[in-house]
Amino acid sequence: MRRPHLALTSAALLLCAACSDTKTDGAAESPTPDYGPTVRTAVAAMGKSTAAFDEKVEITGDGQNFAIGVKGRFDFGGDKGILVVDFPEGGISHVDEVFADNKVYVRGAAGLDGEWGVIDRDKTEAHYLLRAPLNDPEHLLRQLGTMHKISKEETGQVNGTAAVRYHGLLGADALTLRGSAKLREQTNQLRGAIGEVPMYADTWVDGQSRLVRARLRCDLGQGHVAVTVDFTDHGKAVKVSVPGDATPVSSVSGVLTG
């Protein structure tokens with residue numbers, strides 16, 4: 001099968017026309033309310049709690065559309081969790097991951113032949129646009145921490161819970177955060193062609209100031225990436241079993257591992 005160009009790089013990216021926010025001059029207006037503290041409080045609270053999560057990564061580029069699913073449970077305060085990654089259209093369609101003791105255990109990734117591999121968590125890298133190193137759920141919280149120019153949007157239902165959506169821009173650092181050298185190089189090429197890369201974020205916060213959904217997206221005309229994560233079962237205990245026999249590896253690659 002043809003491998004997806006998940007990084008949306010090279011010629012496809014460099015030919016894309018970037019979207020940008022515009023501002024018109026006019027009469028003086030009242031100061032815009034600062035919703036940053038509301039969003040940061042919800043993100044910080046998630047960073048100390050636990051939750052089940054259901055993530056969908058949607059990629060469009062080079063005339064192709066792909067979707068990767070990531071599901072699991074994570075103890076953000078305890079830095080541990082379990083998740084499964086599925087990509088039905090891929091040559092490798094399923095990966096298992098366990099986070100514990102500042103390590104990531106991986107089974108099913110390229111080169112592991114169905115066995116468990118283990119790598120230090122702080123040595124993992126992101127290889128594709130808006131992806132997280134080994135799908136690390138805490139990476140998303142760090143990206144959301146760069147949100148600015150935040151506006152309050154509509155109130156709606158997220159999995160049966162009323163929540164307010166807040167929209168903003170992602171900081172430039174969110175694109176290359178813990179990115180590989182290749183991703184940083186490609187990003188610099190893109191910035192040289194179109195200027196600052198347009199990246200947006202939305203968060204949905206419920207009446208208990210809990211983060212119940214988050215979405216990151218980048219639109220580049222011919223290329224599009226969106227990462228949407230739903231958080232449920234806040235505060236419930238997360239049990240993790242560490243694989244007993246795992247082979248140390250220095251890196252893990254492939255579209256399923258970020």
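**Exercise 1.** Find which residues Phe 231 touches, not counting residues up to four places away in sequence.

*Solution.* Start with the rule: contact means heavy atoms within 4.5 Å. Going along the chain, Phe 231 touches Met 46, Ala 51, Ala 52, Phe 53, Phe 76 and Leu 140, and also Leu 211, Val 212, Arg 213 and Ala 214. Before you go on, note that this is a predicted model, with local features needing pLDDT of at least 70 and side-chain atom pairs pLDDT 80 or more, while totals for chains, interfaces and linings use all residues. Numbering runs from 1 along each chain as its sequence is written, and side-chain values use heavy atoms, leaving out hydrogens and water.

**Exercise 2.** Work out which residues of the largest nonpolar core touch the most other members.

*Solution.* Such a core is a set of buried (under 20% relative accessible area, 1.4 Å probe, protein chains only) Ala, Val, Leu, Ile, Met, Phe, Trp, Tyr and Cys residues joined through side-chain atoms within 4.5 Å. It has 54 residues here, and the top ones are Val 106, Leu 130, Leu 144, Leu 170, Leu 216 and Phe 231. Next, strand 10 (residues 211–220) gives the largest share, five residues.

**Exercise 3.** Say why one side of strand 7 and of strand 12 lacks a neighbour in the sheet.

*Solution.* Strands are DSSP E runs of at least two residues, numbered from the N terminus, and two pair if DSSP finds at least two bridges between them. The open, mixed sheet has the order 7-8-9-10-11-1-2-3-4-5-6-12.

Key
Helix = DSSP H or I, 4+ residues; strand = E, 2+ residues; numbered from the N terminus. Buried < 20%, exposed > 50% of the residue type's maximum accessible area, 1.4 Å probe, protein only.
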